[in-house]
Amino acid sequence: MTSEGDRARPPATPFELLLSVRGAALDAAATAARRTAVLDDRIGDFASVEVGETPSEVVYTENKLELRRYEPTTEGSHPVPILVVYALINRPYILDLQPDRSIVRRLLEAGHEVYLIDWNEPSRLDRHLGLEDYVCRYLANCVDEVRERSGRAAINLLGYCMGGTMAAIYAALAPEKVNALGLMAAALHFEDTGGVLELWGDEAYYDPRRVTDAFGNVPGEFLDVGFAVMDPVANYLTKYVHLYDRLENEDFTKNFARMETWLGESVDLAGQVYVEFLEEIYQENRLSRNELTVGGERVDVTNIDMPMLQVLGEYDHLVPPTASKPFNDVVGTDDVTTIEYPTGHVGLAMSNGTHRDVWPEVAEWFLEQSEPAALADVIGEGVERALGVDVETDVTVGDVDEVEVSVGDGEGGILARAVISRDATAVERFLEDALGVEIGLDVGPEGIAVEVETDEGVVTTILENVGEAIRTEVEEAVEAVEIAAAYELEEVEGIGPTYAGRLRSAGIESASQLAVAEPTRVAEAAEASENLARNWIARARELLGVEAAVEADR
């Protein structure tokens, strides 16, 4: 049975239709009038909009290149700086478009020290600059400048688009100078990826030398039009419809104006590097195939053995994820993190979503690679082994000189958690209070001993193959730790005053240091056989209650 409300509504009469059309026309006219009224203001916005406002200073120049260092926004900066390697086309302020959409600011706010390469525009005399010039000279010199200014042997790189390609090449040629490698929409692999650029740039259809023969350098306008016609409806129609629809929204129109300013400031590309990119990387895929040679040296991508991050745009039509992700399988490192986000090529740099969801994660990733909680990790691992609890550290919480330490019960529960100073005393006292124990450290030439004293006695954990930086930090902190070595060398069976004196002269001053020493070193120091040295080390470990040697190759 059909109810009154379910009955079909009768068709509108011609008069009702006329009224509806008239109403829509009046609404449209009113909307048009309002938008016309604000049009002059919006035109003014376009003329006065500011971009790239984060304060910076130029700290190094070479030819047209400028290396910028950004003014820190936190009280202290993390020790390993980030060098941003921008592309050779367009202006780099897309990474600092406006305060709430600035990759530079996100990194600064996380406590990083940030540098950026602004390549600027090549002159006609620069047409012969190739990959060797840009990577092995300009980029290499900028890396060395940042290394010298920061006092670090290796720094972090973050490369965008073509800059990511060059950063990857540099990391393969000089891996010892790169602490961590971040790649953002980087062109790395071109073999049936489905990308439009790969199709258009195929050697069957396109010869880049015809462009450089005609122009020398590749005009920026030529590149702009090429990119725009990859999605002509969006670039020549849809975005202007959206602008008209939101003309009364001042924030939207200012953001639109900033983007148009960036898009309108095209930069020419040196002819030789354009040819090399097109022929060797796009058409022949030599980088991903591990066949690329730059400056007479093979770019062996298996040398990329540092932690690597890829940030990709799911809808990137310039460099689709398929042109980046396969590179993960050919590099030398297994420590690869991939972030793929539903946005496009430029959206990775300036969309609200990426600044909310992606860039805080990127800033944290760089922090994890740059400043491991060395001392807290050493103490925490020793306590874990001795007591069977979970000790976790997180340097991304708190200020640059703080670390979050949490203690779990081994079954998923949390016994204690706090953000504390990174110094040895603070970490030691927090764990002692949380667990009701006493903790001691002792550092030897080849390792570190962590002693945990409970009511049942002392348990010592030996951490071997500890990196030099961590050993130095622990060595400096030992004096601040209340309990040090519990046993003298003479308490080790078989070591008398003569042998003990020789060992102390060589820097092995306690049973704990003996327990983490290499047999060869002990034998040479004591002027004894290596067999005897091995026996002493074994007895020292028995004396200390060592249950297992722990590999801590950090």
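Biologist: Which residues line the second largest cavity?

Modeller: This is a predicted model, where local features need pLDDT of at least 70, side-chain atom pairs count only at pLDDT 80 or more, and totals for chains, interfaces and linings use all residues. Residues are numbered from 1 along each chain as its sequence is written, and side-chain values use heavy atoms, without hydrogens and water. On a 1 Å grid over the protein atoms alone, a cavity is a set of points where a 1.4 Å probe fits but cannot get out, and lining residues have an atom within 4 Å of a point. The lining is Tyr 86, Ala 87, Leu 88, Ile 89, Asn 90, Arg 91, Pro 92, Asp 118, Trp 119, Asn 120 and Val 267.

Biologist: What is the volume of the largest cavity?

Modeller: A volume is the space filled by probe spheres set on the grid points, which are joined across faces, edges and corners. Trp 119 and Tyr 134 are among the lining residues of the largest cavity. Its volume is about 70 Å³.

Biologist: Are Trp 119 and Tyr 134 stacked or edge-to-face?

Modeller: Rings of Phe, Tyr and Trp (its six-membered ring) pair if their centres lie within 6.5 Å; planes under 30 degrees apart count as stacked, over 60 as edge-to-face and the rest as tilted. The whole structure has six aromatic pairs. In the pair of Trp 119 and Tyr 134, the centres are 5.4 Å apart and the planes 75 degrees, so the pair is edge-to-face.

Biologist: Which residue joins Trp 119 and Tyr 134 in one aromatic cluster?

Modeller: Trp 119 and Tyr 134 also line the largest cavity.

How values were computed: 1 Å grid on protein atoms, 1.4 Å probe; cavity = no way out; pocket = protein on both sides within 12 Å on 5 of 7 lines; lining within 4 Å.
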